[in-house]
Amino acid sequence: MIRSNGSCSQSRGLHHVTTIVSDVQRSSDFYAGILGLKRIKKTVCYDDPGSYHIYYGDDTGSSGTVISTLAWGCVSKGMVGVGEVVQTAFRVRSGSIKWWSERLKAANVACNLDYSPFGEPTLCVADPDGTTLALVESEKIDCEQGAGDTVPAVLGLGDVTLNVRAEDSTIDILEDVLGFKRLSQANGAIRFFAHDGPGGSLTLQTVGASSRGRLGGGTIRHVAFRAAGIEDQAKMAKKLQQKYEIAVTEPIERTYLTAVGFRAPCGVLFEIATDGPGFTVDEDPDHLGESLKLPAFLEERRPELTNILPSLD
């Protein structure tokens, strides 16, 4: 139900978002089964290999289409607050909201129709752990859905909304470093735009004095932004450090991408992730996400990890 975005590649915008879940099979049943995203990688958290890290996206895991889940089995429920991602939207084809509403209700998934601060019809829903999601009809679809599709597809990430107390230098970083432009402002929200493709927009919602959130099940751990490659990423990190005096981690190689992390002034954990090598580097595109893939340094622990990890269909 989610197709590759093909030639929609852009050098900026969102790369992926990562949420925390408690039950990997239940999460897979929702993201792959109900939403129809493709499971593109079945691997582990490199820092905690006793837990799964599962990626979902389009046919090949194109940047801007991916949501990943960190499955922490004993995690307590998180709390969304200021300095957190409060909604992750997926793009769907214009005219398909009614279809999606009926599909979700048939699967006993609660949903309700609302409107974004900019007046867009938005079907609000939550994953089984409570991660707040939305389906938003998109008039600007660069990549056409195939004529043979029998159901409306999810067409990648839409708007990611962050709650902030007030406007701060996060805005400068979005525009000066991460490649976004301020597009519009309404009802206390500012929309930033990078491109028309999947993962091309982000919203800052100012909420005034409010409590910070708490990381846990049903919360977004981080938002990752795109870098064309290692050199591009290094230039972005250097500007963060020198111009904005923000601490940035050393590059972390995760087989499918290389990432650096930093805490934005608004409090949200940001990453800058490279587009490559991509999710087809160790699996045939026709068989992505079918087998457990481990980085080389964990391969000798495969028998142990196979026994520890819960089953996942």
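Tutor: Start with helix 1, residues 24–34. It lies across strand 1 (14–21), strand 2, strand 3 and strand 4. Its direction makes about 5° with that of strand 3. Helices (H or I, at least four residues) and strands (E, at least two) are DSSP runs numbered from the N terminus. Axes are lines fitted to C-alpha atoms, for helices over the stretch in contact, and angles between N-to-C directions run from 0 to 180 degrees.

Before going on, note that this is a predicted model: local features need pLDDT of at least 70, side-chain atom pairs count only at pLDDT 80 or more, and totals for chains, interfaces and linings use all residues. Residues are numbered from 1 along each chain as its sequence is written, and side-chain values use heavy atoms, with hydrogens and water left out.

Eight strands make an open sheet, in the order 2-3-4-1-13-16-15-14, and the pairing is mixed. Two strands pair if DSSP finds at least two bridges between them. Strands of a sheet pair through backbone hydrogen bonds, either parallel or antiparallel. Take strand 3 (residues 48–57) and strand 4 (residues 66–71): four bridges join them in the antiparallel sense.

Follow the chain past helix 4. Glu-245 sits in the loop between helix 4 and strand 14. Its phi is positive, about 55°, although it is not a glycine. Glu-245 is exposed, with a relative accessible area of 72%; exposed means over 50%, buried means under 20%, and partly exposed lies in between (1.4 Å probe, protein chains only). Thr-255 comes in the loop between strand 14 and strand 15. Its phi is also positive, near 70°. Beyond strand 16, a loop runs to helix 5 (302–308), and Pro-277 is in that loop. A cis peptide bond links Gly-276 to Pro-277, with omega about 5°.

Eight strands form an open sheet in the order 6-7-8-5-9-12-11-10, with mixed pairing. Strand 6 (111–115) and strand 10 are at the edges with a single partner each, so one side of each has no neighbour in the sheet. From one strand to the next, the twist averages 30°. Strand 5 pairs with strand 9 (residues 154–164) over six bridges, in the antiparallel sense. Val-92 stands opposite Val-154 in strand 9. Helix 2 (residues 97–106) packs on this sheet. Its partners are strand 5, strand 6, strand 7 (121–126), strand 8 (132–138) and strand 9, and it runs at about 20° to strand 7.

At one end of that order, strand 10 (residues 181–186) and strand 11 (residues 189–193) pair antiparallel over five bridges. Gln-185 has Ile-190 as its bridge partner. The two strands form a hairpin with two residues between them, and Asn-187 in the turn has a positive phi of about 50°.

Zoom in on Thr-88 in strand 5 (residues 84–93). Thr-88 is buried, at a relative accessible area of 0%. Beyond its neighbours within four places in sequence, its contacts include Val-17, Leu-133, Asp-159 and Ile-220. Contact means heavy atoms within 4.5 Å.

What about cysteines? There are zero disulfides, where a disulfide is a pair of cysteine sulfur atoms within 2.5 Å. The sulfur of Cys-111 lies 9.2 Å from the closest cysteine sulfur, in Cys-124, too far for a bond. Cys-111 is buried, at 16% relative accessibility. For Cys-74 the closest cysteine sulfur, in Cys-45, is 14 Å away, again too far. Cys-74 is exposed, at 84%.

Last, step back. The chain has five helices and 16 strands. Of its 313 residues, 55% count as buried. Among contacts with a separation of 6 or more, 69% join residues 24 or more positions apart.
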